[in-house]
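Visitor: I would like to learn how to read the features of a model like this one. Could we take them one at a time?

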Amino acid sequence: MKKVLIITYYWPPAGGPGVQRWLKFVKYLRGFEVEPVVYVPENPSYPIIDKTFVKEIPEGIRIIKKKIFEPYAIAGIFSKKDTETISSGIIQKEEKQSSLQKAMLYIRGNFFIPDARKFWIKPSVKFLKEEIERGAYDGIITTGPPHSLHLIGLQLKENLNIKWIADFRDPWTQIGYHDKLKLSESSRKKHEELEKRVLNSADHIITTSFTTQEEFSAKTSKPTTVITNGYDSEIEYKNSFSSKFKIAHIGSLLSGRNPESLWKALKQLKQEHEDFNKLFELELAGKVSEEVLRSIKNYGLEENLNNKGYISHSKALQMQRDASVLLLIEIDSQETRGIIPGKLFEYLASGRPILAIGPDKWDAERIISETEAGKVYSYQDITLIKTYILGLFQKYMNKEDMVYSHDLDQYHRKSLTGKLANLIKQV
């Protein structure tokens, strides 16, 4: 068997999509003749905790831990709420930021390069050099963000000349919130230089989206492969006729993900159709920005809102299967075209129709179109959104079959792990 060291920050009991990708890879790698060893921080500062993931760690997997200095833990003394919000990637519009928020963003962007986990790089490199030299590893894999972990891989590559795969769950300098970090020109250049070194030093690069693959291919000649996120449940399509027509969104709704066209369409549907007004319910689970909640209230949807807050992954899966329609929302900008939310694949497996609103030429549209899982609209498509929802509501009222999606096997975590294993053996 090949033996690889996986260097990741997010690991159970962390919650959210970041932890699931490598937890699931580790779950299946042994079945493809690859033995994973996982390196994680001993005292991480996770913005979301989901202890249900702990039960999914395969028996007998070796997990190595080393302490990390966490600036977010110190920042939390001044404002726990702002610290958790910023570390989760929720950044308010500049005119609505407090002085403390502005200061925290400036410090995060210019003093913690590439990110606040930079203090884990030096001790990890020293510790892992000894581990790798005595452990007979065939290669290492780093996954980011946080992109500091790629700098651990970079230094290990330079010191040991070991095979190295860099997995980018999100872009680096081209991620949507990068420009909101109040970067100085010198800080911006430093980010770009570090990204360039990583891209040109890794033996192979993995991205989760087609757009990020294209962007990286323009920056490096190193081979780049797309391995998307996926779903891990067995598909069990069931016709669930709830007493409510539930339009559900699972995951963070940042300030930039505020689809007013959707809120307008729902308001009009409520005004024009008495049955819709009685039966419609807007379900949200996860972190939701105050700006989004204000918009929902302003469009008269507050009485239809069921805001659950963060729920466990198992409950999220059940919520998806109980929904009538699943919402997929992305920020409307060129920088977000390459973001394929991890929940999309679980949405596909739920068999519920998807209503997606996002940027033009969005990578998620390609997958939704290929699987015929729903419809994708722009932020301006009020009439089209309204027509699509009304058509689904009529199916709901007639108790018609609302099962969608096909050709999903390629997105099962086991199939994706097979693709990863083949890559590990080839590098």
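Visitor: What percentage of the residues in the protein chain is buried?

Guide: This is a predicted model. Of the 427 residues in the protein chain, 57% are buried. The secondary structure comes to 16 helices and 13 strands. Among contacts between residues at least 6 apart in sequence, 75% join residues at least 24 apart.

Visitor: In what order do the 7 strands of the open sheet stand?

Guide: Strands of a sheet pair through backbone hydrogen bonds, either parallel or antiparallel. Here the order is β3-β2-β1-β4-β5-β6-β7, with parallel pairing. The edges are β3 (62-66) and β7 (224-226); each has a single partner strand, so one side of each lacks a neighbour in the sheet. From one strand to the next, the twist averages 20°.

Visitor: Which strands does helix α1 touch in that sheet?

Guide: Helix α1 (residues 17-29) packs on the sheet against β1 (2-7), β2 (34-41), β4, β5 and β6. The direction of α1 makes about 150° with that of β2. Helix α7 (residues 185-201) lies across β5 and β6, and runs at about 130° to β5.

Visitor: How many residues of strand β5 are buried, and which way do they point?

Guide: In β5 (residues 164-168), 5 of 5 residues are buried. Trp 164, Ala 166 and Phe 168 point one way, while Ile 165 and Asp 167 point the other way. Strand β4 (residues 139-144) is joined to β5 by 5 bridges, and the two run parallel. One of the residues bridged is Gly 144, whose partner in β5 is Phe 168.

Visitor: How many bridges join β6 to β7?

Guide: There are 3 bridges between strand β6 (residues 204-207) and β7, which run parallel. Ile 206 stands opposite Thr 225 in β7.

Visitor: Where is Thr 228, and is it buried or exposed?

Guide: Thr 228 sits in the loop between β7 and β8 (245-250). Its relative accessibility is 6%, and the cut-off for buried is under 20%, so Thr 228 counts as buried. Leaving aside neighbours within four places in sequence, Thr 228 is in contact with Arg 21, Thr 208, Phe 345, Tyr 411 and Leu 416. The C-alpha atoms of Thr 228 and Thr 207 are separated by 7.3 Å, with the two residues 21 apart along the chain.

Visitor: In what order do the 6 strands of the other open sheet stand?

Guide: The order is β10-β9-β8-β11-β12-β13, and the pairing is parallel. With a single partner strand each, β10 (305-307) and β13 (374-377) stand at the edges, so one side of each is without a neighbour in the sheet. The twist averages 20° from one strand to the next. Between β8 and strand β9 (residues 280-285), which run parallel, there are 6 bridges. Phe 245 has Phe 280 as its bridge partner in β9. Helix α13 packs on this sheet, touching β8, β11 (325-329) and β12 (354-357), and its direction makes about 165° with that of β11.

Visitor: At what angle do helices α12 and α13 pack?

Guide: Two packed helices are described by the angle between their axes and the distance between the axes. For α12 (residues 313-322) and α13 (residues 343-350), the angle is about 50° and the axes are 9 Å apart. The two helices are therefore oblique to each other, and α12 passes α13 in a right-handed crossing.

Visitor: Which residues meet there?

Guide: His 313, Leu 317, Gln 320 and Arg 321 in α12 meet Glu 346, Tyr 347, Ala 349 and Ser 350 in α13. By class, this contact has 3 nonpolar, 3 polar and 2 charged residues.

Note on methods:
Residues are numbered from 1 along each chain as its sequence is written. This is a predicted model: local features need pLDDT of at least 70, side-chain atom pairs count only at pLDDT 80 or more; totals for chains, interfaces and linings use all residues. Side-chain values use heavy atoms; hydrogens and water are left out. Axes are lines fitted to C-alpha atoms, for helices over the stretch in contact, and angles run from 0 to 180 degrees between N-to-C directions. Helices (H or I, at least four residues) and strands (E, at least two) are DSSP runs, numbered from the N terminus. Angles under 35 degrees count as roughly parallel, over 145 as roughly antiparallel, 65 to 115 as roughly perpendicular and the rest as oblique. A crossing is left-handed if the near helix is turned anticlockwise from the far one by less than a right angle, and right-handed if clockwise. Contact means heavy atoms within 4.5 Å. Ala, Val, Leu, Ile, Met, Phe, Trp, Tyr, Cys and Pro count as nonpolar, Asp, Glu, Lys and Arg as charged, and the others, Gly among them, as polar. Buried means under 20% relative accessible area, exposed over 50%, partly exposed in between (1.4 Å probe, protein chains only). Two strands pair if DSSP finds at least two bridges between them.
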